Amino acid sequence: MTGFDSNLLDELIHSKLRLGIMSMLVSVEYAEFSIIKNKLQATDGNLSANLRKLEEAGYIGVEKTFVDRKPQSRYSITDKGRTAFENYIANLEKLIKN
């Protein structure tokens, strides 16, 4: 096996929960907070913190609205996030093939 540079793996995505978030969002137009929470079995606080990290990095965007007076947050992957995710997967494939 040739040496694999683990620095090629995006540490922001490499977290279990953030990888789950990115994996969900790459395949849909958007996902609501509650859907992400339920699918990934995350707590409100942990999910919020990880979504914020991805948002601050520009990997995801959020649209906040009110539906029947209840706040609703819808998350979507950005072009930057899609590129970062595709690079992450490509680098994992390099590791697997080595």
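The chain comprises 5 helices and 3 strands, where helices (H or I, at least four residues) and strands (E, at least two) are DSSP runs numbered from the N terminus. Along the sequence, these elements follow the pattern α-α-β-α-α-β-β-α. The model is predicted, so that local features need pLDDT of at least 70 and side-chain atom pairs count only at pLDDT 80 or more, whereas totals for chains, interfaces and linings use all residues. Residues are numbered from 1 along each chain as its sequence is written, and side-chain values use heavy atoms, with hydrogens and water left out. Taken along the principal axes, the C-alpha atoms of the chain fill a box of roughly 55 × 25 × 20 Å.

Axes are lines fitted to C-alpha atoms, for helices over the stretch in contact, and angles run from 0 to 180 degrees between N-to-C directions. Helix H2 (residues 16–25) packs with H4 at an angle of about 70 degrees, the axes being 10 Å apart. H2 and H4 are therefore roughly perpendicular to each other; angles under 35 degrees count as roughly parallel, over 145 as roughly antiparallel, 65 to 115 as roughly perpendicular and the rest as oblique. The crossing of H2 and H4 is right-handed, a term applied if the near helix is turned clockwise from the far one by less than a right angle, and left-handed if anticlockwise. Leu17, Arg18, Ile21 and Met22 of H2 make the contact with Asn46, Leu47, Asn50, Leu51, Lys53 and Leu54 of H4, contact meaning heavy atoms within 4.5 Å. These residues divide into 6 nonpolar, 2 polar and 2 charged. Ala, Val, Leu, Ile, Met, Phe, Trp, Tyr, Cys and Pro count as nonpolar, Asp, Glu, Lys and Arg as charged, and the others, Gly among them, as polar.

Between helix H3 (residues 33–40) and helix H4 (residues 44–56), the packing angle is about 115 degrees and the axes lie 11 Å apart. H3 and H4 are therefore roughly perpendicular to each other, and their crossing is right-handed. Phe33, Ile36 and Lys37 of H3 form the contact with Asp44, Leu47, Ser48 and Leu51 of H4. By class, 4 of the residues in this contact are nonpolar, 1 is polar and 2 are charged.

For H2 and H3, the angle is about 120 degrees, with the axes 11 Å apart. H2 is therefore oblique to H3, and the crossing of H2 and H3 is right-handed. In H2, Leu17, Gly20, Ile21, Met24 and Leu25 meet Ile35, Ile36, Lys39 and Leu40 in H3. The contact of H2 with H3 has 7 nonpolar, 1 polar and 1 charged residues.

Aromatic rings were also considered. The charged end of Arg74 sits over the ring of Tyr30, 3.6 Å from its centre; this arrangement requires NZ of Lys or CZ of Arg within 6 Å of the ring centre and within 35 degrees of the ring normal.
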